[in-house]
Amino acid sequence: MADYQPADSAFALDRDCKTLARHVLEQLHSFGPEAQDLSALMSRIALAGKLVARHLSRAGLMESALGFTGETNVQGEAVKKMDIYANDVFISVFKQSGLVCRLASEEMEKPYYIPENCPVGRYTLLYDPIDGSSNVDINLNVGSIFSIRRQQGDDLDQTGADLLQDGHQQLAAGYILYGPSTILVYSIGKGVHAFVLDPSLGEFILATENIQTPAHGPTYSVNEGNFWQWEDSIRDFTRYVHRHDGYSARYTGALVADFHRILTQGGVFLYPGTTKKPEGKLRLLYETAPLAFLIEQAGGRASTGTEEIMSVVPGEIHQRTPFVVGSKDDVALAESFIQDHSRRQGTLLTNES
Ligand code: AHG
Ligand code: MN
Ligand code: MN
C-alpha cells in the first residue's frame, strides 16, 4: 500500500492551520515557557481584534459604537464611544489571562493593574485601543496598536516607572487594521508578518511573512493642514516633494492605515512638531515605539527627525514624540532637511555671538 499522499487541497488546509499561535511557536523554534507566553499573548490580542472588528462591523446599528462619550481623556482629546469599548475589550480579554500584571493605554491616565482576585502575569500590554478614532463615524479605516514589555522590578508604588525605558525593551509589537478585511501585523523580533481574519473560521490566517519595506517609495503622508505650524525644515521638505516628480500624497487620518501603506509599499509618514504641539501629537509607548519596532524589522527606519525612535526614553507614560517613519532613503531625505536646518541655525547663532 503506497504511503498516503494528501490531495492538492492540503496546501490550502495547511495554510488555514497556520494560525497566529502556531506561527509564534514556529518562529521561536521553541515550546518553552516564554514561547508559550508569547504565543498566548498573541492569541489574546487576536481575540481582542476579533471583538473590536465585530463591534465596528455593526457600529451603525448599535448605541455603544458611534459618536462621543462627552468625556475628555488624559490627552485632552474628546473620547469616542468606540475608544472606550475597545479599551475595555483589551482589559476583559487580558484580565483573566494570567499573562499580564497591568495594561497601559492611551485612554487611561494610569496603568490598569490586574485586580487581586485575578491571576497576575509578568508582562505589560501597552496599547492604543482605537487609533484614528476620528474615522469611526464615517466608516473609514481605524486600528489598534499594541506593544508587549516584560515587567521589570516590582512596581510596588504602581506608577509603572519601569515602563519608562527605550523601545528595545519591547518583546513584541504590532497592530490590527480594521478595513475591507481585518488584518493583524506583528513582530516578535523575527521579521514582520501579516495575518488576515477569516470570519468564516474566526481565525487570523497567515497571509504574508517577512514583509520588507522598499528602500524608497512614492508616498509621502503628512497633514499639510499644519503647514504653517511647522518648522521651516519640514516646510522645505514638503516644497521639495511638491516640486520633484515621483511623489504622491496619501493621508487617511489614521496612523495605522497610513503606516501600513508605507510599511508595505514604501515612502514616508511624518507627524512633526507643531506650534501647538512642539513634541508632535503621537505617543511614544503605544504608537511610535511599536511602529518603530516593526519598521526596523522590515528594513525601514523611524526617527524623531534627530533621534532613532527606538532609543527615546520617555519621561512619562503618555509622552509624545515627533515621528518620521518609512523607507530608509525617504526618512534620511526628510532628516537631511531637519539636520541642515539645525546646522544653519547653529551657524547663525555662532555668527551672532
Ligand atoms: P487616536 O485616534 O488614537 O488619537 O490617533 C489619532 C492620530 C493618528 O491616528 C493620526 O495619524 C493622527 O492622529 C491624525 O492627526 P491629525 O488629525 O492632527 O492629522
Ligand atoms: Mn492613535
Ligand atoms: Mn486612540
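The shell around ligand 1 divides into seven nonpolar, four polar and seven charged residues. Here Ala, Val, Leu, Ile, Met, Phe, Trp, Tyr, Cys and Pro count as nonpolar, Asp, Glu, Lys and Arg as charged, and the others, Gly among them, as polar. This is a predicted model, in which local features need pLDDT of at least 70, side-chain atom pairs count only at pLDDT 80 or more, and totals for chains, interfaces and linings use all residues. Residues are numbered from 1 along each chain as its sequence is written, chains are lettered from A and ligands numbered from 1 in the order in which they are written, and side-chain values use heavy atoms, with hydrogens and water left out.

Around ligand 1 there are 18 residues, of which Asp131, Gly132, Tyr251, Leu255 and Tyr271 come nearest. A residue is near a molecule or strand if one of its heavy atoms lies within 4 Å of it.

| Residue | Atom of the residue | Distance to an oxygen atom of ligand 1 |
|---|---|---|
| Gly132 | backbone N or O | 2.8 Å |
| Leu255 | backbone N or O | 2.9 Å |
| Tyr271 | polar side-chain atom | 2.6 Å |

Taken alone, ligand 1 exposes 470 Å², and the protein buries 86% of that. Accessible areas come from the Shrake-Rupley method with a 1.4 Å probe; for residues, only the protein chains shown count as cover.

Which elements give two or more residues to the shell around ligand 1? They are β5 (123-131) and β13. The largest share, three residues, comes from β5. Helices (H or I, at least four residues) and strands (E, at least two) are DSSP runs, numbered from the N terminus. Domain 1 (15-208) and domain 2 (219-352) each give at least three residues to the shell. The domain bounds come from an automatic or database domain assignment.

β13 belongs to an open sheet of five strands with mixed pairing, in the order β12-β11-β13-β15-β14. β12 (248-249) and β14 are its edge strands, each pairing on one side only. Two strands pair if DSSP finds at least two bridges between them.

In this sheet, β15 (residues 323-326) has antiparallel partners. Four bridges join β15 to β13 (residues 268-271), and three join β15 to β14 (residues 301-303). Val325 is the bridge partner of Phe269 and also of Ala302. Gly326 stands opposite Arg301. In a regular strand the side chains alternate between the two faces of the sheet. In β15, Phe323 and Val325 point one way, Val324 and Gly326 the other, and all are buried. Buried means under 20% relative accessible area, exposed over 50%, partly exposed in between (1.4 Å probe, protein chains only).

A second sheet holds β5. This open sheet of eight strands runs β4-β3-β5-β6-β7-β8-β9-β10, with mixed pairing. Each edge strand, β4 (112-113) and β10 (203-208), has a single partner strand, so one side of each is left without a neighbour in the sheet. β3 (residues 100-105) pairs with β4 in the antiparallel sense over two bridges, and Leu103 stands opposite Tyr112 in β4.

His193 lies in β9 (residues 193-198). Why does His193 count as buried? Because its relative accessibility is 2%. The His193 side chain makes a polar contact with the side chain of Gln27 at 3.2 Å. The side chain of His193 also reaches the backbone oxygen of Lys190 at 2.9 Å.

Conventions:
A polar contact is a pair of N or O atoms within 3.5 Å; within protein, one must be able to donate a hydrogen and the other to accept it, and residues adjacent in sequence count only if both atoms are side-chain atoms.
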